[in-house]
Structures are given as C-alpha cells and as structure tokens.
Amino acid sequence: MNVLVINCGSSSLKFQLINAESEEVLAKGICERIGIDGRLTYQPEGGEKEVSEKAMPTHTEAIQFVIEALTNPETGVVKSLDEIGAVGHRVVHAGEKFASSVLITEDVKRALTECIELAPLHNPPNLTGIEACREVMGPDVPMVAVFDTAFHQTMPQSHY
C-alpha cells in the first residue's frame, strides 16, 4: 500500500509518497506560497526535480496539484488515486489527548481544534490539510494523525 504523508504549514505543504511495505519513498515535494502565488516542486524517486508556478489560493488546490503530479502519465509514480491507500498527517500538538497515532475522525478533529491555543501557528494549518485531503481524496481514504506530542506521552510524567 502507498501512503501519502502530508506536513501542512500555514503557506506550505510538504509531501512524500511512501510504499508502506518496502518503506521506499516513491516521490516527494513541496507546495510553497499557498494563498499567495504558489509553487509546486515535485521529484519522483530517481527522477528530475520539476518546479511549476501554479496558483494555489488554498490547501485544497495544493493537494489537487500534488495528486496530479503523482498521477501524471509521464512523471507520476502511480496510475491513479486508487493506488494511494491512506494519508498520514503530521500534527504538531494534541496536548495530552493522544499517546499514539490515531485514525482521524470527527472526534479527533474536535480534539485538535481544542488544542489550537497550544500550537496556534501549527494546528490550524494541520486541520486545513486534513480537510483539503478529505475534499480532494474523498471520505473513503483512511487518514491518520501522527503527533509530535505523542513522544511526550511515552515519558514518565515527572520527566515532561
């Protein structure tokens, strides 16, 4: 199964497509200047880096451009969206709510919204990326949140 890994910032979106079985990175890139004028940098494994200036008013367009690059008949690494089995989202702060990665549900999104005050520059774009992927990829593609703060949940309370 191929997993699309997303790291959304306020005006950027970094991505990698990884084969979960082999752990091989099939492609990687970044969307920059989202909401301004937009640039997509895409590189298939072993291929040339491609840079495209593209209007990206929102993260939704950025995700759409990522999918188009990954499925491009000439330089893409998969034939269709069907070859992407799941999406992993890096999420900065989950407070003490989650001790490990979780399948993203409405309850998880509510919990992340409650943690916005703990990471006001990071959690809103992380949530935006989740919604953009859901919009572009549909409701049936499983999405998982991986939390920077989960590491601290593995430590004895006295150490953090």
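**Pro57**

I looked up Pro57 and found it in the loop between strand E5 (50–53) and helix H1; helices (H or I, at least four residues) and strands (E, at least two) are DSSP runs numbered from the N terminus. The model is predicted, so I note that local features need pLDDT of at least 70 and side-chain atom pairs count only at pLDDT 80 or more, while totals for chains, interfaces and linings use all residues. Residues are numbered from 1 along each chain as its sequence is written, and side-chain values use heavy atoms, with hydrogens and water left out.

Pro57 counts as exposed, at 54% relative accessibility (buried is under 20% relative accessible area, exposed over 50%, partly exposed in between, with a 1.4 Å probe and protein chains only). Beyond its neighbours within four places in sequence, I find Pro57 in contact (heavy atoms within 4.5 Å) with Ile34 and Gly35. From Pro57 to Gly35 the C-alpha distance is 4.2 Å, although 22 residues separate the two in sequence.

**His59 and helix H1**

I next checked His59, which is in helix H1. His59 is buried, with a relative accessible area of 7%. Its contacts, leaving aside neighbours within four places in sequence, are Cys8, Gly9, Ser10, Ser12, Leu13, Ile34, Thr128 and Ala132.

How do H1 and H3 pack? Helix H1 (residues 59–70) meets H3 at an angle of about 55°, and the axes are 8 Å apart; axes are lines fitted to C-alpha atoms, for helices over the stretch in contact, and angles run from 0 to 180 degrees between N-to-C directions. This angle makes H1 oblique to H3 (under 35 degrees is roughly parallel, over 145 roughly antiparallel, 65 to 115 roughly perpendicular, the rest oblique). On the H1 side I listed His59, Thr60, Ile63, Gln64 and Ile67; on the H3 side, Thr128, Ala132, Cys133, Glu135, Val136 and Met137. By class, this contact of H1 with H3 has 6 nonpolar, 4 polar and 1 charged (Ala, Val, Leu, Ile, Met, Phe, Trp, Tyr, Cys and Pro are nonpolar, Asp, Glu, Lys and Arg charged, and the others, Gly among them, polar).

**Helices H2 and H3**

I then turned to helix H2 (residues 106–114) and helix H3 (residues 123–137), which pack at about 160° with axes 9 Å apart. H2 and H3 are therefore roughly antiparallel, and their crossing is left-handed. Lys109, Leu112 and Thr113 of H2 meet Asn123, Leu127, Ile130 and Glu131 of H3. I count the classes there as 3 nonpolar, 2 polar and 2 charged.

**Asn2**

Is Asn2 buried or exposed? Asn2 is buried at 11% relative accessible area, and it sits in strand E1 (residues 2–8). Not counting residues up to four places away in sequence, Asn2 touches Leu17, Ile18, Asn19, Leu26, Val78, Glu83, Ile84, Gly85 and Ala86. A polar atom of the Asn2 side chain lies 3.0 Å from the backbone oxygen of Glu83.

**Two positive phi values**

Most residues other than glycine have a negative phi. I noted Glu23, a residue other than glycine, with a positive phi near 65°. Glu23 lies in the loop between strand E2 (12–19) and strand E3 (25–32) and is exposed at 65%. Arg33, also not a glycine, has a positive phi of about 60°. I place Arg33 in the loop between E3 and strand E4 (39–44), where it counts as partly exposed at 25% relative accessibility.

Note on methods:
A polar contact is a pair of N or O atoms within 3.5 Å; within protein, one must be able to donate a hydrogen and the other to accept it, and residues adjacent in sequence count only if both atoms are side-chain atoms. A crossing is left-handed if the near helix is turned anticlockwise from the far one by less than a right angle, and right-handed if clockwise.
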